[in-house]
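Dear colleague,

I am handing over the structure we spoke about, with the sequence alongside it. Please look through it first, and then read the notes below, which go from the chain as a whole to single residues.

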Amino acid sequence: MTDHVKRHLAERLSLRTLAELAGLSPWRFSIVFRQHMGVPPHRYISLCRIEHARELLQQGVSAATVADACGFYDQSHFTRHFKHHCGMTPGQYALQPASAVPASLPAGPAMQMARSV
């Protein structure tokens, strides 16, 4: 399931679709996913999108292109989420030298769980 999410970050990933892929009802899928991953499905998808966005920004991809590639509604939506998770705007993040960029998001155990899958 997590592989599917990572392969389809640019697309709309509904709870119903993910639950169908797992052969569960949306309600049951949410419970099982949270038990195994430590975060709800929506939060996991958001964390994966931000992690992918960080990788693209480090490669010099523009914020507008990153927003589209990572499944955000628009650049403003992307910027709000990125700033919430990373504590800075995508532009500020992109301007940092590679050696100053933290290796992981400051999101604690939930992101550690997301990255380990």
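**Confidence and overall make-up**

This is a predicted model, and the mean pLDDT of the protein chain is 86, with 83% of its residues reaching 70 or more.

As for secondary structure, the protein chain has eight helices and zero strands, so please read the pattern along the sequence as α-α-α-α-α-α-α-α. Of the 117 residues of the protein chain, 36% count as buried. Among contacts between residues at least 6 apart in sequence, 50% join residues at least 24 apart.

**Two helix pairs**

How do helices α2 and α3 cross? The axes of helix α2 (residues 15-22) and helix α3 (residues 26-37) come within 9 Å and cross at roughly 80°, and because an angle from 65 to 115 degrees counts as roughly perpendicular, α2 is described as roughly perpendicular to α3. On the α2 side the contact is made by L15, R16, L18, A19 and A22, and on the α3 side by P26, F29 and S30. By residue type, the contact of α2 with α3 divides into six nonpolar, one polar and one charged.

The second pair is made of helix α4 (residues 41-58) and helix α6, which pack at an angle of about 95°, with their axes 10 Å apart. That angle makes α4 roughly perpendicular to α6. Helix α4 contributes R43, S46, L47, I50, A53, R54 and L57 to the contact, whereas helix α6 contributes F78, H81, F82, H85 and C86. The residues of this contact of α4 with α6 divide into seven nonpolar, three polar and two charged.

**Single residues to look at**

Y44 lies in helix α4, and Y44 is buried, with a relative accessible area of 1%. The C-alpha atoms of Y44 and F33 are separated by 9.5 Å, the two residues being 11 residues apart along the chain.

P90 has its place in helix α7 (residues 90-95). Is P90 buried or exposed? Its relative accessibility is 3%, and because buried means under 20%, P90 counts as buried. Leaving aside neighbours within four places in sequence, P90 is in contact with L57, A63, F78, T79 and F82. Of these, L57 and both F78 and F82 also belong to the contact of α4 with α6. The C-alpha atoms of P90 and A63 are separated by 6.4 Å, although the two residues are 27 residues apart along the chain.

Q75 is found in helix α6 (residues 75-86), and with a relative accessible area of 39% Q75 is partly exposed, because that class lies between the 20% limit for buried and the 50% limit for exposed. Not counting residues up to four places away in sequence, Q75 touches A63, A64 and A67. The C-alpha atoms of Q75 and T65, which are 10 residues apart along the chain, are separated by 8.4 Å.

T2 is found in helix α1 (residues 2-7), and at 11% relative accessibility T2 counts as buried. T2 and C48 are 46 residues apart in sequence and 9.5 Å apart in space, C-alpha to C-alpha.

**Cysteines**

C48 itself counts as buried, at 7% relative accessibility, and C70 also counts as buried, at 0% relative accessibility.

Conventions:
Residues are numbered from 1 along each chain as its sequence is written. This is a predicted model: local features need pLDDT of at least 70, side-chain atom pairs count only at pLDDT 80 or more; totals for chains, interfaces and linings use all residues. Side-chain values use heavy atoms; hydrogens and water are left out. Buried means under 20% relative accessible area, exposed over 50%, partly exposed in between (1.4 Å probe, protein chains only). Axes are lines fitted to C-alpha atoms, for helices over the stretch in contact, and angles run from 0 to 180 degrees between N-to-C directions. Helices (H or I, at least four residues) and strands (E, at least two) are DSSP runs, numbered from the N terminus. Angles under 35 degrees count as roughly parallel, over 145 as roughly antiparallel, 65 to 115 as roughly perpendicular and the rest as oblique. Contact means heavy atoms within 4.5 Å. Ala, Val, Leu, Ile, Met, Phe, Trp, Tyr, Cys and Pro count as nonpolar, Asp, Glu, Lys and Arg as charged, and the others, Gly among them, as polar. pLDDT is the predictor's confidence in each residue, from 0 to 100.
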